Amino acid sequence: MKPTQPPAAKGGRRWRALPTAGFMALSFAGLCLAGQGAVIPAKAVLAQVLLERAFAKSRSTGAPVKAWPWADAVPVARISVPRLGVSEIILSGGSGEALAFGPTLVPGSAPLGQNGTAVVAAHRDTHFSFMQHLQPGDVVVVETTDGDRASFRVQGGYVVRNDQFAIASRAVAPTLVLSTCWPFDATTQGPWRYVAIAHAQSSR
Amino acid sequence: MIPPLAARRRPGSFPRLHRRRAALIARLSVFVLSVMMFSFASLAHARQLAPGDEITSGSLLLRARDGATPSAVQLGTDMDVTVTGLTARVKVVQAFRNTSRDWVEATYLYPLPEDGAVDSLKMVVGQRVIIGEINRRAAAREIYEQAKAEGRAAGLVEQQRPNMFTNRVANIGPGETVLIEIEYQAPVRRISGEYGFRLPLVVGPRYAPSDASAADVAATRAPVLNPRRHADINPVSITVRLNPGFAPTGIVSPYHAIQIVEGAGSTRTITLKDGSTPSNRDFELRWRSAETAPGVELFRERVRADDYLMALISPPESNRRRTPPVRELVFVIDNSGSMSGDSMLQAKESLKLALRSLSPTDRFNVIRFDDTMTELFDKPVLATREQIALALRYADQLEASGGTEMLPALRAALVDDTPHDTGRVRQVIFLTDGSISNEDQMLAALGSNRGRSRVFMVGIGSAPNSFLMNRMAEVGRGTYTHIGDTREVITRMSALLDRLTRPVLTDLRVVTQGGDAEFAPADLPDLYEGEPLILLARASNLRGSITVSGMLDGRPWSRRINLNQAVEGVGVAKLWARRRITDAEVGHRLDQVSAEEAAQTIAQLGLDFSIVTRETSLVAVDRTPSRPQGARLTEEELPLNLPAGWDFVRIFGAPAPDSAQSTEAATDDPSIPFDLPQTATAWALSVWAGLGLALIGGLGLMVMRRRRARS
């Protein structure tokens with residue numbers, strides 16, 4: 001049988017090992033959390049690459065194409081803001097899932113480029129972070145998978161509560177509404193939304 | 001009064017009926033189960049979307065802006081189509097499920113192909129199957145009303161328009177499901193070597209002109225759900241058993257995702273990929289033959305003492321280059337409220353494509369109409385570049401709103417300044433969804449004013465009024481083209497524009513050798529490239545041959561067809577009867593026969609062939625009363641979906657010329673509440689917090705190590 005260690009020494013070592021393990025666990029947890037956070041923008045960027053590919057294919061074939069086999073949303077259009085160098089693929093359906101990969105056309109809004117109001121939403125800290133730099137007069141171009149191209153001019157930006165927003169029911173021309181959360185640098189989720197309203201420019 | 005239905009059953013047929021009934025009930029119960037699940041889901045969804053709306057049974061609501069509320073009776077439809085050769089047999093089962101605690105009478109307005117012949121009605125109540133009988137319309141109505149009053153389950157199928165029917169089901173018990181099964185025969189279409197048929201799934205709300213009678217308007221109208229407020233209702237499942245007699249290739253359904261299973265030989269079974277679809281747009285199936293289509297296809301059927309023949313005769317391909325005729329074209333574009341959304345876009349694109357195709361020697365004009373009308377030019381002008389540019393700009397600025405007064409536009413389009421100019425072909429092209437209910441007036445006006453003009457109909461949208469389109473094209477000796485999707489504009493319009501420059505066969509006549517035959521249609525149309533002539537005939541003893549003759553590129557042409565080649569075709573007799581009925585209806589509209597004469601002909605054909613017509617209805621009545629005396633019967637009109645691509649607010653919210661709803665809508669807030677989704681991931685927060693924690697941990701470790709080194 002092995003000789004047992006003196007109790008004093010054991011206690012001392014334990015006393016010394018405890019904070020070390022604690023600090024190690026703390027830094028590990030911290031790195032995990034940071035990693036988890038960092039995955040979100042990485043996923044957002046990577047998804048856009050895949051979506052761009054699916055969009056191009058969808059445009060040439062005319063049929064909806066999923067960017068990856070288990071995707072629940074398909075690319076419906078490309079939105080770009082030439083002044084800010086932004087170009088992103090919009091997904092159908094507004095599930096939280098789809099929002100992680102790109103801006104989505106919110107269900108209930110009009111199809112893009114057609115008469116009525118199309119509402120496109122995306123996260124304020126990924127795809128739509130450019131909205132804080134959007135100015136009245138900026139041109140937003142929307143290209144649909146049908147090959148249609150429409151350009152919109154931003155009329156202005158507004159801060160609204162999520163439940164106090166309404167769209168015109170008798171829109172006679174295509175209107176585009178971009179929506180994201182506000183304020184842009186907030187750390188928590190809240191009821192405030194920032195919307196930019198853009199009207200179609202006559203293309204011809 | 002007819003004897004009780006059960007008494008009419010032949011005793012010998014009972015076991016067979018019984019077996020079939022068991023199979024029917026088994027099949028239907030599976031279907032009902034799925035319908036129930038679907039309807040529960042959609043009901044739950046509807047409630048979630050519109051928490052304020054209570055579902056009240058019996059009170060029919062047509063709210064101006066919100067549309068109708070989902071009714072207590074839930075409806076599911078199953079369609080089973082069997083295509084044999086060039087005929088399609090369609091079995092439609094509608095399950096009416098009463099979710100309320102009251103006894104209910106349900107009314108459902110639904111569309112059928114306008115050349116379909118409805119000849120069978122079965123009603124399943126609990127374990128009983130009741131077979132419907134054909135009767136004169138008024139008599140059928142009386143039988144039904146009496147059964148309804150006596151508390152017996154009853155079903156009635158009535159024709160409101162040749163492509164619009166209503167089913168009434170009386171005395172559906174609380175929580176009960178009544179199944180109505182109707183069957184119809186329809187021809188398969190063939191254009192440019194492509195075969196196809198169309199199952200209309202929804203009746204688009206129609207515009208009634210200001211002088212329409214109230215009863216007629218009520219019959220052709222049903223409450224419509226606002227798609228923004230409610231989930232789609234009335235799910236439909238579709239199965240197509242395709243047996244065209246040749247190996248079909250390129251089977252496509254342009255508007256629905258389908259699944260194709262290959263069966264023995266050339267048979268294919270086609271189902272919807274998603275199992276069922278809300279009935280908000282028409283289903284279409286097209287296929288091709290791997291072999292080249294023969295010039296003549298013949299089918300015959302012997303019913304009672306008569307022979308029936310169906311012949312498809314393809315015009316010869318004109319392979320030499322002909323100089324296209326010099327033309328005068330009038331484009332008529334519908335910019336009424338029902339066209340708003342996708343339809344207007346499609347119509348504009350179609351018009352612009354057509355304008356660009358004009359050659360400088362052509363003359364043209366553009367007429368637009370809603371409840372008003374404008375002609376772009378006083379009279380047709382030469383298609384110079386400037387004039388076309390002007391017309392293109394005009395087309396671009398068109399916006400859909402207002403009612404649909406098509407008659408003045410038709411009259412204007414038919415005004416011909418040079419009726420005797422044989423050097424110029426006059427063509428009128430209509431771009432519309434045909435959402436009107438005064439079809440009779442339209443056809444009468446066209447029939448009496450058509451002159452030398454040929455009228456081409458371009459049906460726009462997901463559910464155009466194809467009866468009007470086909471009859472106008474027929475009376476106007478033109479063609480009907482349907483565009484259901486923006487992506488189809490270029491292909492379909494190009495095909496039409498191509499055809500417009502080449503009429504192939506004109507002045508068609510048919511003569512029999514060996515016996516008399518009654519042909520339908522009585523007036524043979526002009527034929528354009530790729531379009532076959534469909535000829536139906538009845539004779540007491542059909543043999544020998546028939547000769548079809550006409551003018552091909554300005555020269556006489558004829559073709560002799562030996563009737564011995566004919567193969568058995570199921571349902572040819574019904575199709576002949578349906579076609580004769582159409583001829584009688586059109587004949588009356590064109591004032592060729594009197595109203596009484598037409599009604600008599602139609603009623604007789606309906607009774608002889610057991611077909612639902614405007615003069616005859618199918619009625620089924622349960623023998624045993626089910627509703628206890630004294631229990632109240634509530635009446636429900638089942639709401640319809642708005643056809644896909646239609647804009648609810650434009651149709652019901654915008655000032656419409658016909659009712660009080662519009663004034664109410666006008667004072668309403670013109671905006672719709674819209675919930676904006678949560679759009680923040682707060683990834684930066686977790687990155688910073690994580691890094692912060694890691695930093696604290698790291699610093700702690702450093703401090704510990706230093707302490708250890710010191711001790």
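**Entry 1: where the chains meet**

I began with the contact between the chains, which takes 42 residues from chain B and 48 residues from chain A. I keep in mind that this is a predicted model.

Next I asked which elements of chain B give two or more residues to the side that touches chain A. They are helix H5 (342-356), helix H13 (648-653), strand E36 (671-673) and helix H15 (683-710) of chain B. H15(B) gives the most, with 17 residues. I then sorted the residues on this side of chain B by type: 22 are nonpolar, 14 polar and six charged.

**Entry 2: helix H15 of chain B**

I stayed with H15(B) and checked its length. The helix has 28 residues. From first C-alpha to last it reaches 41 Å, close to the 40 Å expected at 1.5 Å a residue.

Which residues of H15(B) are buried? I noted B:Trp683, B:Ser686, B:Gly690, B:Leu693, B:Ala694 and B:Gly697.

I turned to helix H7 (residues 406-414) and helix H8 (residues 439-449) of chain B. Their axes come within 10 Å and cross at roughly 10°. Angles under 35 degrees count as roughly parallel, and H7(B) and H8(B) are therefore roughly parallel to each other.

I listed the residues that meet. From H7(B) they are B:Met406, B:Leu407, B:Leu410, B:Arg411 and B:Leu414. From H8(B) they are B:Gln441, B:Met442, B:Ala445, B:Leu446 and B:Asn449. This contact divides into seven nonpolar residues, two polar and one charged.

H8(B) also packs with helix H9 (residues 466-475) of chain B, at an angle of about 10° and with the axes 10 Å apart. That makes H8(B) roughly parallel to H9(B).

Here H8(B) brings B:Glu439, B:Met442, B:Leu443, B:Leu446 and B:Gly447. H9(B) brings B:Phe467, B:Leu468, B:Arg471, B:Met472 and B:Val475. The count for this contact is seven nonpolar, one polar and two charged. I marked B:Met442 and B:Leu446 of H8(B), which meet H7(B) and also meet H9(B).

**Entry 3: an antiparallel sheet**

I looked for sheets next. Four strands of chain B form an open sheet in the order E10-E11-E17-E13, with antiparallel pairing. Which strands stand at the edges? They are strand E10 (189-191) and strand E13 (248-252) of chain B. Each has a single partner strand, so one side of each is left without a neighbour in the sheet. The twist averages 25° from one strand to the next.

Strand E11 (residues 194-199) and strand E17 (residues 283-289) of chain B run antiparallel, joined by six bridges. B:Gly196 stands opposite B:Arg286 in E17(B).

**Entry 4: a mixed sheet with a helix on it**

Another open sheet of chain B has five strands in the order E28-E30-E19-E18-E33, and its pairing is mixed. Strand E28 (518-520) and strand E33 (567-568) of chain B are at the edges, each with a single partner strand, so one side of each has no neighbour in the sheet.

E28(B) pairs with strand E30 (residues 533-539) of chain B in the antiparallel sense, over three bridges. The bridge partner of B:Ala520 is B:Leu536 in E30(B). Helix H11 (residues 572-589) of chain B packs on this sheet and touches strand E18 (296-303), strand E19 (306-313), E28 and E30 of chain B. The direction of H11(B) makes about 80° with that of E19(B).

**Entry 5: a buried strand**

How many residues of strand E9 (residues 177-187) of chain B are buried? I found ten of the eleven, so E9(B) is largely enclosed by the rest of the structure.

I then looked up its partners. Strand E2 (residues 87-98) of chain B runs antiparallel to E9(B), with eleven bridges. In that pair B:Thr87 stands opposite B:Pro187. Strand E4 (residues 117-125) of chain B is also antiparallel to E9(B), with eight bridges. There B:Ser120 stands opposite B:Glu183.

**Entry 6: a look at chain A**

Chain A comes to two helices and nine strands. Of its 204 residues, 39% count as buried.

Methods. Residues are numbered from 1 along each chain as its sequence is written. Chains are lettered from A and ligands numbered from 1 in the order in which they are written. This is a predicted model: local features need pLDDT of at least 70, side-chain atom pairs count only at pLDDT 80 or more; totals for chains, interfaces and linings use all residues. Two residues are in contact if their C-beta atoms, placed from the backbone, lie within 7 Å. Ala, Val, Leu, Ile, Met, Phe, Trp, Tyr, Cys and Pro count as nonpolar, Asp, Glu, Lys and Arg as charged, and the others, Gly among them, as polar. Two strands pair if DSSP finds at least two bridges between them. Axes are lines fitted to C-alpha atoms, for helices over the stretch in contact, and angles run from 0 to 180 degrees between N-to-C directions. The expected span of a helix is 1.5 Å times one less than its number of residues. A residue is buried if 20 or more other C-beta atoms lie within 10 Å of its own, exposed if 12 or fewer, and partly exposed in between; C-beta atoms are placed from the backbone. Angles under 35 degrees count as roughly parallel, over 145 as roughly antiparallel, 65 to 115 as roughly perpendicular and the rest as oblique.
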